[in-house]
Amino acid sequence: MNKAEFMEELKKALGSFQNTEMDEEVISDINAHFDEALRAGQSEAQICEMLGNPNEIAAQFHADGPSEAIKSEVVESSEISCQENKVNAGLYVDLCDADLICAPYHGSAFQVEVRHQGERIEDNNFIIRETENGLEIRQKRPIGFVEHLFRVFKHRTLFVGVPAQFQGDISVKTLSGDVRIDTLSEVNSFICKVTSGNVNIDGVSTLNTFSCNVVSGNIKLSKVKAMQVLCADTKSGNVTMDQCTGDTEARSLSGNVHLRSHKGSVTGKSFSGNVRVDTDCITKNSYLETKSGEVNLVLDKLLANLALSCLSGNIKFSIRELAGDVNAETTSGNVTGYLGKDVNAYFRLESTLNKSSFAGSTPKNQDVPTVYLKSSFGNVRVKEL
């Protein structure tokens with residue numbers, strides 16, 4: 001599929017929702033992704049493959065109304081300068097152009113207010129819907145160009161205070177705005193979908209899924225813990241994760257992916273950015289990949305298998321203690337591995353055109369980890385730490 005075919009399918013998929021404003025925002029962002037990736041040397045077919053199914057993009061980021069579970073018996077309130085609502089099963093936030101801040105609240109109910117430049121204001125562009133299934137907060141779409149400009153110059157932030165005992169589902173959607181979530185413990189699940197904006201989440205733990213998906217913006221996660229999969233995906237931006245726990249999938253189309261002090265398996269991918277992991281120990285099979293960036297790993301202990309892949313960049317890794325296999329392959333870059341002096345492994349080093357070398361023994365017929373390094377047009381080396 002080429003760009004023209006992809007964009008045509010995307011326009012058709014978006015058209016079914018009949019929201020012209022959303023169509024223009026998403027199409028503009030996807031066009032920008034194509035332009036940036038093409039400048040980085042990627043083909044249209046590769047970009048289409050990375051972006052995925054146009055129908056899924058349209059369905060994922062379109063404001064398609066509340067789910068059936070929260071449509072019945074709704075109570076609307078247009079005055080939300082300081083509303084308190086009973087704690088219930090879920091929190092659902094759907095915004096157009098406001099930022100969102102969620103933080104712990106000392107009371108037994110939700111606190112909701114709108115702020116401008118740090119000051120609380122009255123605003124009738126937000127709707128609260130409360131049912132047995134949870135609390136829904138939606139921002140009305142601007143009507144006309146004048147109202148849109150007014151909102152731009154008077155940017156709003158929606159603040160939601162979450163009771164400490166809340167353990168339900170959290171779902172956040174925003175068309176154009178930043179999201180910041182602070183210190184929410186043991187919520188059931190967390191799902192965040194942002195079309196254009198940055199996401200900053202600190203101290204959130206989930207009993208089930210944690211998923212953060214951004215079209216255009218950065219994702220920064222700190223001390224996030226997920227009992228199931230922890231997913232962070234941005235099409236145009238960086239993914240940074242610090243002291244997070246969970247089996248992680250971190251992806252960026254044109255930005256960098258960086259994980260520090262991570263616990264759990266890691267799948268880190270970027271199309272044209274760098275992928276880097278700095279942590280103490282990897283206990284589950286992990287995979288790091290980039291097409292045109294570099295892969296860099298700093299690790300004390302490897303207790304599982306590790307695969308590193310790069311198309312045109314360099315791969316560099318440092319491991320002090322090795323108990324799992326390492327497979328590192330690049331087409332036109334260099335591969336350099338630094339291993340602890342007591343590492344006992346079977347080495348396979350392949351370089352078609354240039355030099356390959358290693359320091360240390362290469363035992364055969366022993367039950368030891370394998371270190372396989374390959375470069376088609378670059379150098380391959382193993383050195384002692």
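Me: Is T279 buried or exposed?

Reply: Buried means under 20% relative accessible area, exposed over 50% and partly exposed in between, using a 1.4 Å probe and protein chains only. T279 has 9% relative accessibility, so it counts as buried. Keep in mind that this is a predicted model, where local features need pLDDT of at least 70 and side-chain atom pairs count only at pLDDT 80 or more, while totals for chains, interfaces and linings use all residues. Residues are numbered from 1 along each chain as its sequence is written, and side-chain values use heavy atoms, with hydrogens and water left out.

Me: Which residues does T279 touch?

Reply: Contact means heavy atoms within 4.5 Å. Not counting residues up to four places away in sequence, T279 touches S261, H262, V298, L299 and D300. A polar atom of the T279 side chain also lies 2.8 Å from the backbone oxygen of H262.

Me: Let's turn to helices. Where do the buried residues of α1 fall, seen down its axis?

Reply: Helices are DSSP runs of H or I with at least four residues, and strands are runs of E with at least two, numbered from the N terminus. Helix α1 covers residues 3–15, and its buried residues are K3, F6, M7, L10, A13 and L14. They fall within an arc of 125 degrees, so they line one face of the helix; the arc is that of the directions from the helix axis to the C-beta atoms. A4 and K12, on the other side of α1, are exposed.

Me: How many aromatic pairs are there?

Reply: Rings of Phe, Tyr and Trp (its six-membered ring) pair if their centres lie within 6.5 Å; planes under 30 degrees apart count as stacked, over 60 as edge-to-face and the rest as tilted. The count by this rule is three. In one of them, the ring centres of F6 and F34 are 5.7 Å apart and the planes stand at 65 degrees, so this pair is edge-to-face. F6 belongs to helix α1 and F34 to helix α2 (residues 20–39), so the pair ties together parts 28 residues apart in sequence.

Me: And what should I look for in a nonpolar core?

Reply: In soluble globular proteins, nonpolar side chains tend to be buried together. A nonpolar core is a set of buried Ala, Val, Leu, Ile, Met, Phe, Trp, Tyr and Cys residues joined through side-chain atoms within 4.5 Å. Here the largest has 73 residues, and L91 and F210 are among those with the most contacts inside it. A second, separate core of 18 residues includes L14, V26, I27 and C48.

Conventions: Polar contact = N/O pair within 3.5 Å; in protein donor to acceptor, adjacent residues only side chain to side chain. Expected span 1.5 Å × (residues − 1).
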